[in-house]
Amino acid sequence: MKRTLVIMVKEPRPGRVKTRLGRDIGLVGAAWWFRHQTRRLIRRLRDPRWQIVLAVSPDREGLTSRVWPADLMRAPQGHGNLGDRMARMLRGMPPGPVCLIGADIPDVTPAHVARAFAALGDHDAVFGPAPDGGYWLIGAKHGATLPKGLFYDVRWSTEHALSDTLATLPNLRMAMIDTLQDVDTVADLRD
């Protein structure tokens, strides 16, 4: 079965990406950081063990953007909140294990992604926790079979995001891998 790594990306325009970071360093600086961070991340995570799919936003602009490598498959994130968009991506990928990450995790390596896919060998789902109570990775052995209530009532951008998400996945065998920091504020850049 083919493994799929979905990377959630937004067109790096000032005011559209990393707005909390933008409050600290300016919207132009935050967009610049995101653009370069995303390029480095995609280059680093290219690996023959999985295919990369870019989940793009906004949909139409992201599908035709020249910012991202032209050879990578793209899928529109679509409408809705973060949970709606993530669920759509997880369920809509080809059969086989799927992992989903954001593009704002500077320290993620192919070894981290490989550990997540390995964990799906004997677990239904896998998470990469973040120190703030959220998570930088979610994966599923069979994305298409995730429960309908996935991400229902998750308090995003809070210390409850991981625990709320786990509560939407009853009766599934869960695995946790490495804790990594995502970047939301200038303090995260310094850690």
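A polar contact here is a pair of N or O atoms within 3.5 Å; within protein, one must be able to donate a hydrogen and the other to accept it, and residues adjacent in sequence count only if both atoms are side-chain atoms. Keep that in mind for Glu11. The side chain of Glu11 makes such a contact with the side chain of Ser65, at 2.9 Å.

Some ground rules. This is a predicted model: local features need pLDDT of at least 70, side-chain atom pairs count only at pLDDT 80 or more, and totals for chains, interfaces and linings use all residues. Residues are numbered from 1 along each chain as its sequence is written, and side-chain values use heavy atoms, with hydrogens and water left out.

Back to Glu11. It sits in the loop between strand S1 and helix H1 (19-25). Helices (H or I, at least four residues) and strands (E, at least two) are DSSP runs, numbered from the N terminus. Is Glu11 buried or exposed? Its relative accessibility is 3%, so Glu11 counts as buried. The cut-offs: buried is under 20% relative accessible area, exposed is over 50%, partly exposed is in between, with a 1.4 Å probe and protein chains only. Leaving out residues up to four places away in sequence, Glu11 touches Arg16, Val17, Ser57, Pro58, Glu61, Gly62, Ser65, Val67 and Trp68. Contact means heavy atoms within 4.5 Å.

Now the whole chain. There are seven helices and seven strands. From the N terminus on, the order is β-α-α-β-α-β-α-β-α-β-β-α-β-α. The radius of gyration is 16 Å, which agrees with the value near 16 Å for a compact globule of 191 residues. That radius is taken over C-alpha atoms, and the globule rule is 2.2 Å times the number of residues to the power 0.38. Along the principal axes, the C-alpha atoms fill a box of roughly 45 × 35 × 30 Å. Buried residues make up 52% of the 191. Of the contacts with a separation of 6 or more, 65% join residues 24 or more positions apart.

Next, the interior. In soluble globular proteins, nonpolar side chains tend to be buried together. A nonpolar core here is a set of buried Ala, Val, Leu, Ile, Met, Phe, Trp, Tyr and Cys residues joined through side-chain atoms within 4.5 Å. The largest one has 37 residues. Which members touch the most others? Leu5, Ile7, Leu45, Leu54, Ile101 and Val126. Strand S1 (4-10), helix H2 (27-45), strand S2 (51-57), strand S4 (98-102), helix H5 (110-119) and strand S6 each supply at least two residues of this core. H2 gives the most, with seven. Apart from this core lies another, of 24 residues, including Val6, Ala55, Met89 and Ile138.

Take Ile101. Beyond its neighbours within four places in sequence, Ile101 is in contact with Leu5, Val6, Ile7, Met8, Leu41, Leu45, Trp136 and Leu137.

Then H5. Seven of its 10 residues are buried, so H5 is largely enclosed by the rest of the structure. The buried ones are Pro110, His112, Val113, Ala114, Ala116, Phe117 and Ala119. They pack against S1, H2, S4, strand S5 (125-129), S6 and strand S7 (174-176).

On to the rings. How many aromatic pairs does the structure hold? Four. One of them is Tyr135 with Trp156: 6.4 Å centre to centre, 55 degrees between the planes, tilted. The rule takes rings of Phe, Tyr and Trp (its six-membered ring) with centres within 6.5 Å; planes under 30 degrees apart are stacked, over 60 edge-to-face, the rest tilted. This pair links distant parts of the chain, 21 residues apart: Tyr135 in S6 (residues 135-140), Trp156 in the loop between S6 and helix H6 (161-167). Tyr135 is buried at 14%. Trp156, at 21%, is partly exposed. Phe151 also pairs with Trp156; the centres are 5.6 Å apart and the planes at 50 degrees, so that pair is tilted. Phe151 is buried, at 6%. Ring pairs link Phe127, Tyr135, Phe151 and Trp156 into a cluster.

Last stop, Asn81. It lies in the loop between strand S3 (73-76) and helix H4 (82-92). Asn81 is partly exposed, at 40%. Its side chain reaches the backbone nitrogen of Gly83 at 2.9 Å. Asn81 and Phe151 are 70 residues apart along the chain, and their C-alpha atoms are separated by 9.8 Å.
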